[in-house]
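Colleague: I have the file open and would like to go through it piece by piece. Can we put the sequence and structure up before we start?

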Amino acid sequence: MAPAGAGLVGRRDECRVLDDLLGGVRAGRSAALVLRGEAGIGKTELLNYLMEASAGCRIVRVAGIQSEMELSYAGLHQLCSSLLAGLDHLPGPQRDALGAAFGLRAGIAPDRFLVGLATLSLLADAGGNQPLVCVVDDAQWLDHASALTLGFVGRRLLAESVALVFAVREPTSYEMLAGLPELPVRGLPERDSRALLDAAVTDPLDQWVRNRIIAEAGGNPLALLELPRRWATTELAGRFADAEAGQLSTQIEREFVRRIESLPPQTRSLMFVAAAEPVGNVELLRRAAERLGVDVDAAATNASELMTLDSRVRFRHPLVRSAAYRVASSKDRRTAHRALAESIDPDIDPDRQAWHRAQAATGPDEDVAAELERSAVRARARGGIVAVAALLERASELTQDPGQRSKRALEAAQAKFQAGSFGSAADLLATASAEAPDELTRARIDVLRAGLAFAQGRGMEAPPLLLAAARRLEQLDVVLARDTYLEAVSAVIFSGHLARNPGGREVATAARGAPPSQLPRATDELLDALAVRLTDGYTASIPMIERVLTSFCTGDLPTQELLRWLLLAGVIAADLWDLERWQMVTTRHVAIIRRAGAFSELPLALDSSAVVHVFAGELATAAAVVDEVRTVSTATGTIQPPFGALALAAVRGREREAAALIDATVNQGTLHGQGLGVTVANCHHAVLCNGLARYEEALSAARAAARYQEEFGAPRWALAELIEAAAHSGAPEVAGDALEQLSEAARASNTDWALGVEAYSRALLSDGIAAEDLYREAIDRLAQTRVRVTLARTHLLYGEWLQRKNRRVDARVQLTRAHEMLTQFGAGGFAERARRALRGTGAKVRERNVASRSALTAQEAQIAQLAGDGLTNPEIGARLFLSPHTVDWHLRKVYSKLGIASRKEIATRLALGTETLT
């Protein structure tokens with residue numbers, strides 16, 4: 001058997017890596033690998049070696065093509081085309097998403113992460129039948145949507161018998177495949193370079209010239225093959241030293257340019273047309289070239305060393321294509337694009353024809369601009385937002401009328417914003433703003449500028465922009481005006497005490513003056529309630545908040561309305577001290593997002609759900625949700641404040657972890673003007689320190705959190721933390737005002753959670769029978785709620801009070817209950833505080849057996865939790881962006897570690913152990 005890479009000069013180590021990858025795939029494992037190297041270094045030859053070595057495997061291949069034309073999911077469609085028989089076997093939402101992306105099914109624009117999950121499932125299913133090797137050459141030129149999807153898939157592969165191998169040209173800023181394993185492809189050693197050069201140049205070669213070529217090529221195989229062609233061998237010695245300096249790929253491309261320029265005119269024309277058409281359709285090339293009077297067969301023969309025509313147009317190297325396009329003059333390029341446009345049937349491929357017409361245009365052309373707009377509509381339906389942006393930007397460039405040009409530039413800016421190209425969006429907004437034809441367009445520009453401010457970490461700039469837009473819209477579109485006011489109110493809520501002018505009161509006052517909707521919606525009620533909350537205060541807004549929450553918990557509202565505002569509904573449920581309805585809102589939000597496939601919005605909804613589980617004492621579930629937040633955030637590239645992780649770490653008493661999260665949240669919140677986030681972090685800091693019995697530090701953090709009572713939720717929770725810390729640090733006098741504020745809020749809220757917290761807080765500052773009655777009232781009220789951590793903490797406070805009164809027997813009852821609950825939850829800091837108090841009563845405290853989950857990794861525990869909840873492997877995979885094969889692989893490890901044989905035993909086995917996950 002020949003050694004690895006025997007047919008490739010100097011590539012044995014690289015071939016060995018590829019052989020090992022194939023061995024893993026044949027054994028049922030998956031792998032992704034990125035070959036990185038400069039142009040001509042041999043990446044394509046290594047991919048060819050991989051395919052030749054893939055005996056017994058199914059092979060699919062695609063190559064990115066350098067083009068200004070963005071056809072969304074074109075590369076992915078080409079890669080998956082031979083696998084589409086498996087499309088109908090995918091779960092319905094995945095099937096529909098991938099079908100819409102490929103233009104095979106009608107429907108709404110698919111979420112790109114649902115497309116990614118569908119692609120993962122499609123490849124995994126194919127790999128389950130026969131090991132699958134997917135090869136992607138020149139990945140840096142894939143369309144944006146395909147690159148994102150394949151990068152996502154590559155990061156999720158594990159146990160599907162699938163290999164996904166990319167080749168990427170360096171240098172590049174290409175980040176789509178970041179995080180995948182890489183294999184740098186470097187220059188050949190000198191010995192191998194000399195052997196390759198000897199094989200390429202058969203004429204006698206002076207030693208000095210040979211050395212010069214070797215040094216100049218730097219081990220690049222394509223350079224070793226092409227640079228000697230620059231001059232006749234007899235001229236090499238005299239002219240090589242004068243060769244144009246610069247990057248090696250540029251030198252190679254210049255050599256191709258020189259060779260193309262030496263070709264006959266008709267041959268150059270053929271190559272110009274081929275370079276202008278990225279798909280490589282031979283029949284289209286023939287039709288276009290013949291329109292230009294080119295004898296295609298003769299021209300192709302003349303170009304055969306650089307380009308061949310068989311089933312597809314194939315350039316010897318991608319640098320040949322770029323060289324051909326570079327050689328062409330502007331007139332030649334327009335001529336080529338015009339011939340291609342005239343050769344395309346608009347009924348079959350209207351988008352490609354529109355693009356070529358646009359490239360052929362010499363100036364503004366309304367017909368072409370309008371056709372580009374229609375292409376953008378079709379691209380949006382396929383979920384190709386980058387293509388939408390490119391089409392609309394070109395449409396605006398071809399628009400003569402200033403007002404219409406402004407509107408198209410605004411639409412292009414909106415698409416750029418959605419695609420994450422914030423700099424380009426800002427540039428297009430400047431164009432749109434300079435020629436805005438009316439107040440509606442100016443208002444939309446302000447709204448988008450506010451969105452850009454948020455996205456770029458300048459949240460404090462958003463409220464004035466949104467307020468200005470809303471005022472403009474009042475006379476134009478009442479519904480849009482009210483929605484924009486609600487956006488402005490939401491912005492100042494999250495900006496909190498860091499909001500600049502206008503502040504919350506000014507925005508809310510303006511919103512209260514907005515004209516009413518003719519057909520009131522739940523969002524109108526939400527706007528009215530929040531406006532009252534920010535102007536007249538907490539107590540005055542409660543009746544309106546109650547009605548709004550009922551609508552968002554159970555009302556039959558449009559999906560888009562729920563997707564847009566359920567997060568804010570969760571904020572007001574938390575502000576109301578209503579955990580039950582907060583839980584209903586978050587559960588509904590997560591379910592709707594999953595059903596709609598809007599995965600980019602999922603991390604925020606899951607994070608809110610994690611906080612609910614923390615309050616409920618369901619720390620194991622909260623930990624699983626936090627892990628899912630991390631999983632989805634990594635998959636979607638979402639960055640957000642880690643409120644769920646912070647709440648969990650604080651209640652668990654994990655000081656180092658919590659401190660890092662607190663510092664990061666405070667720093668980022670301060671930097672980006674997110675005052676509410678800073679307040680939440682300070683509140684959780686107080687919880688952490690009260691659990692660790694560091695009461696002076698808890699008092700300081702609680703004071704910081706309670707300072708801004710106009711903010712939502714956390715400032716009033718912090719009042720209770722302040723009172724507890726003050727009572728334990730011997731400074732009850734500082735808690736009087738806090739208790740008064742807490743009592744007013746609790747009476748207004750009138751929930752058992754709020755009234756229970758107010759009762760134990762008042763007990764901390766009371767004595768005798770009054771204190772005992774208040775502790776008992778607090779326990780009775782909190783026992784009626786799902787706020788189990790607060791209930792356990794109340795048992796702890798009552799037990800500590802009884803201990804100070806030297807009522808040891810009674811104290812043991814309360815402290816034992818507190819210790820059992822807190823230990824069961826996994827609230828380590830508070831549980832330790834209860835244990836110390838119990839020992840102070842003379843009681844012996846037994847250690848719990850915590851062996852159950854400690855052997856599981858975080859992802860295994862996450863999957864075990866979901867399996868124990870009854871989810872199937874495909875359902876778990878959809879939750880965690882894994883293939884069902886990978887879920888099954890993890891579950892087999894779970895069974896082994898837990899000593900069980902099936903998923904039916906998971907829930908029982910996990911319930912026997914601690915609530916604390918590794």
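Colleague: Which residue in β4 does Val133 stand opposite?

Modeller: In this predicted model, Val133 stands opposite Ala163 of β4. The two strands concerned, β3 (residues 132-137) and β4 (residues 162-170), pair in the parallel sense over five bridges.

Colleague: And in what order do the five strands of that open sheet come?

Modeller: The order is β2-β3-β4-β1-β5, with parallel pairing. The edges are taken by β2 (58-63) and β5 (182-184), and because each has a single partner strand, one side of each is left without a neighbour in the sheet. On average, and ignoring direction, neighbouring strands of this sheet are turned by 15° against each other.

Colleague: Which strands does α2 touch where it packs on the sheet?

Modeller: Helix α2 (residues 43-52) touches β1 (31-38), β2, β3 and β4, and its direction makes about 165° with that of β3. Helix α5 (residues 112-129) lies across β3 and β4, and runs at about 135° to β3.

Colleague: What do the buried residues of α4 pack against?

Modeller: They pack against α3 (74-80), α5 and α18 (366-381). The buried residues of α4 (residues 92-101) are Gln94, Ala97, Leu98, Gly99, Ala100 and Ala101. Just after this helix, Gly103 takes a positive phi of about 75°.

Colleague: Changing topic, which residues touch the most other members of the largest nonpolar core?

Modeller: Those are Phe552, Trp582 and Trp753, in a core of 189 residues. The helix that gives the most to this core is α28 (residues 559-575), with 10 residues.

Colleague: What does Trp582 touch, leaving aside residues up to four places away in sequence?

Modeller: With those left aside, Trp582 touches Gly570, Ala573, Ala574, Ser608, Val611, Val612, Phe615, Trp717 and Trp753. There is also a second, separate core, which has 46 residues and includes Ile213, Ala299, Met307 and Ala339.

Colleague: I was also looking at Ser396; is that residue buried or exposed?

Modeller: Ser396 has 6% relative accessibility and so counts as buried. Ser396 is found in helix α19 (residues 385-397), and a polar atom of its side chain lies 2.7 Å from the backbone oxygen of Glu393. Not counting residues up to four places away in sequence, Ser396 touches Arg405, Arg408 and Ala409.

Colleague: How many disulfides does the count come to?

Modeller: The count comes to zero disulfides, with a pair of cysteine sulfur atoms needing to be within 2.5 Å. Cys15, for instance, is in no disulfide, and the nearest cysteine sulfur, that of Cys57, is 16 Å away. Cys15 counts as buried, at 0% relative accessibility.

Colleague: Last one, on the chain as a whole: how many helices and strands does the protein chain have?

Modeller: The protein chain has 46 helices and seven strands, and its C-alpha atoms fill a box of roughly 110 × 70 × 50 Å along the principal axes. Of its 918 residues, 56% count as buried. Among contacts between residues at least 6 apart in sequence, 69% join residues at least 24 apart.

Note on methods. Residues are numbered from 1 along each chain as its sequence is written. This is a predicted model: local features need pLDDT of at least 70, side-chain atom pairs count only at pLDDT 80 or more; totals for chains, interfaces and linings use all residues. Side-chain values use heavy atoms; hydrogens and water are left out. Two strands pair if DSSP finds at least two bridges between them. Helices (H or I, at least four residues) and strands (E, at least two) are DSSP runs, numbered from the N terminus. Axes are lines fitted to C-alpha atoms, for helices over the stretch in contact, and angles run from 0 to 180 degrees between N-to-C directions. Contact means heavy atoms within 4.5 Å. A nonpolar core is a set of buried Ala, Val, Leu, Ile, Met, Phe, Trp, Tyr and Cys residues joined through side-chain atoms within 4.5 Å. Buried means under 20% relative accessible area, exposed over 50%, partly exposed in between (1.4 Å probe, protein chains only). A polar contact is a pair of N or O atoms within 3.5 Å; within protein, one must be able to donate a hydrogen and the other to accept it, and residues adjacent in sequence count only if both atoms are side-chain atoms.
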